[in-house]
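Colleague: Could we go through the pocket and the aromatic contacts of this model together?

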Amino acid sequence: VDVWVIDESIDWIDHILISSVETAMEYLDYDIVGLIERPQLLRYKAPSLGYKWHVDLGAEELSTRKISISINLNDGYEGGEIAFFSDTFVKFKMPLGQCLAFPSFLSHKVMPVTKGERWALVSWISGNPFR
């Protein structure tokens, strides 16, 4: 996967992400602060291995991630489904323009892209660490 960090001068993207989080907060009761890290633009070019299983939490500054956001920016590719594993395995292909907001502690991956290119915008909303 190729990764580009979105510059602070492109603030219209921040407004889209904040709007998405406002919708997610209708379902999640999290103590959030906002965008602490810059969003990233991701490109998966076929043949791509996708992105391995992971959670978006980690040590230090990554420990404050509460909500992960992924927005599908294109169609015309094959594979590239986002997959989750909790008590079951679920995968689905996000439609063009679809935004997915989910708790950062959920294990997830991107399946291999077998044809074309998949573009996505990802970001994380932070808050006080989970207790």
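This is a predicted model: local features need pLDDT of at least 70, side-chain atom pairs count only at pLDDT 80 or more; totals for chains, interfaces and linings use all residues.

Colleague: How much space lies in the largest pocket?

Modeller: About 330 Å³. A pocket here is an open set of points on a 1 Å grid over the protein atoms alone, where a 1.4 Å probe fits, with protein on both sides within 12 Å along at least five of seven lines; lining residues have an atom within 4 Å of a point. The volume is the space filled by probe spheres set on the points, which are joined across faces, edges and corners.

Colleague: Which residues lie nearest its centre?

Modeller: L42, H54, D56, V122 and W124, out of 22 lining residues. Strand β12 (117-127) supplies at least two of the lining residues, and its 5 residues are the largest share. Strands are DSSP runs of E, at least two residues long, numbered from the N terminus.

Colleague: Is V122 buried or exposed?

Modeller: V122, in strand β12, is buried at 11% relative accessibility. Buried means under 20% relative accessible area, exposed over 50%, and partly exposed in between, with a 1.4 Å probe and protein chains only. Not counting residues up to four places away in sequence, V122 touches P39, Q40, L42, I69 and S70; contact means heavy atoms within 4.5 Å.

Colleague: What does the side chain of H108 make a polar contact with?

Modeller: With the side chain of D56, at 3.5 Å. A polar contact is a pair of N or O atoms within 3.5 Å; within protein, one must be able to donate a hydrogen and the other to accept it, and residues adjacent in sequence count only if both atoms are side-chain atoms. H108 lies in strand β10 and is buried, at 5% relative accessible area.

Colleague: Changing topic, how many aromatic pairs are there?

Modeller: There are 5. W53 and F85 form an edge-to-face pair, 6.4 Å centre to centre with 75 degrees between the planes. Rings of Phe, Tyr and Trp (its six-membered ring) pair if their centres lie within 6.5 Å; planes under 30 degrees apart count as stacked, over 60 as edge-to-face and the rest as tilted.

Colleague: Which residues do ring pairs link into a cluster?

Modeller: W53, F85 and F89.

Note on methods: Residues are numbered from 1 along each chain as its sequence is written. Side-chain values use heavy atoms; hydrogens and water are left out. Helices (H or I, at least four residues) and strands (E, at least two) are DSSP runs, numbered from the N terminus.
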